[in-house]
Amino acid sequence: SFMAIFFFVQSTGNRNRTLYVSLSGLLAGLAGMTHPIAIMWAIAIAALIIFSQENRKPFQLITFCFFAFIPVAAWLSYALRFPDFFRQQFLSIILGHSAQGSPISRFTDEFIRYGRLYVFAPFAIAAFVAGLVWFLFGYKKFSSEKFILLTLFSVPFFFVTFFMIKGAGSEFYVLHPVAILTIMIGAMLDRLLPDSIHRIMSIRERAFLLFAGMLILNLILAGIGGRYIILAYQWRERNYNLIEDDLRAFIPHGCVVF
């Protein structure tokens with residue numbers, strides 16, 4: 001999906017626009033083969049094509065959709081040979097991961113989910129809000145870039161909010177809009193942080209430098225740092241050799257374990 005976005009962005013204002021749009025569509029289709037959630041990125045790219053200021057928008061949209069459908073068509077041509085399995089294994093999962101409730105409850109539940117997931121990383125929540133607000137009102141230049149990023153954030157966010165369930169192993173869906181939010185946060189900090197910590201000129205720069213430092217520390221402690229601490233304390237318990245002999249005692253040699 002991100003490679004599809006990359007090639008689409010490269011296509012804007014490029015002489016080989018059709019080639020890049022074709023590659024973008026093909027990669028979006030391949031992403032759809034790995035997980036149907038990729039459709040929201042395809043919708044986002046299609047929206048960017050429709051609302052862009054480039055010429056030949058209908059042709060570019062048809063090109064993108066055609067190449068995106070090629071991998072999906074190849075997959076469906078195989079999957080639909082077994083309609084019962086397709087319905088049980090694929091359609092049932094799609095329906096089981098669809099959101100329930102009123103639009104208002106889905107919206108509020110999505111914010112509750114963010115709070116639950118990032119309860120131990122409050123600086124991340126603050127950065128998400130600050131980055132989005134700053135990008136909306138503080139990022140004055142490059143209107144085309146601003147439009148692209150806001151579209152790439154809005155489509156996944158509202159798609160996940162209104163169409164995807166809020167639990168049952170679906171928590172990773174928030175990573176899609178968060179991926180674009182991190183770009184906005186990076187743009188904000190790049191603009192507001194001092195060029196060098198040795199050249200801090202104002203209280204505002206000190207405040208943002210402190211915030212950036214606390215954000216990094218919070219993400220380390222609540223993320224990868226915490227995982228390594230657990231790994232260090234559970235090193236012996238995570239040794240598979242401890243249970244290998246017990247398993248071999250009652251699983252005959254040559255068996256396949258599902």
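**A pocket and the helices around it**

A: The second largest pocket holds about 420 Å³ of space, a volume being the space filled by probe spheres set on grid points that are joined across faces, edges and corners. Twenty residues line this pocket, and G32, P36, A38, I39 and V72 are the closest to its centre. A pocket here is an open set of points on a 1 Å grid over the protein atoms alone, where a 1.4 Å probe fits and protein lies on both sides within 12 Å along at least five of seven lines, and lining residues have an atom within 4 Å of a point. The model is predicted, with local features needing pLDDT of at least 70 and side-chain atom pairs pLDDT 80 or more, while totals for chains, interfaces and linings use all residues. Numbering runs from 1 along each chain as its sequence is written, and side-chain values use heavy atoms, leaving out hydrogens and water.

Helix 2 (17-34), helix 3 (39-51), helix 4 (57-79) and helix 5 (83-96) each bring at least two residues to the lining of the second largest pocket, helices being DSSP runs (H or I, at least four residues) numbered from the N terminus. Helix 4 provides the largest share of that lining, with six residues. By type, the lining of the second largest pocket has 16 nonpolar residues, four polar and no charged, where Ala, Val, Leu, Ile, Met, Phe, Trp, Tyr, Cys and Pro count as nonpolar, Asp, Glu, Lys and Arg as charged, and the others, Gly among them, as polar.

The patch consists of L19, L23, L26, L30, M33, F66 and I70, with about 590 Å² of accessible area together (Shrake-Rupley method, 1.4 Å probe, with only the protein chains shown counting as cover for residues). Patch members have over 30% relative accessible area and no salt bridge, and nonpolar side chains (Val, Leu, Ile, Met, Phe, Trp, Tyr) are joined within 5 Å, like charges within 9 Å. Helix 2 gives the most to the patch, with five residues. M33, which is found in helix 2, has a relative accessible area of 37% and is partly exposed; buried means under 20%, exposed over 50%, and partly exposed in between (1.4 Å probe, protein chains only).

Helix 5, another contributor to the lining of the second largest pocket, holds R87 and D84, which are three residues apart, about one helical turn. Their side chains meet in a salt bridge (3.1 Å, N to O), a term for a side-chain nitrogen of Lys or Arg within 4 Å of a carboxyl oxygen of Asp or Glu. Both partners count as partly exposed, R87 with a relative accessible area of 44% and D84 at 45%.

The structure holds three salt bridges, and another of them joins the side chains of R113 and E110 (2.9 Å, N to O). These two residues lie three apart in helix 6, about one turn of the helix, and both are buried. E244 counts as partly exposed at 30% relative accessibility, whereas R248 counts as exposed at 55%.
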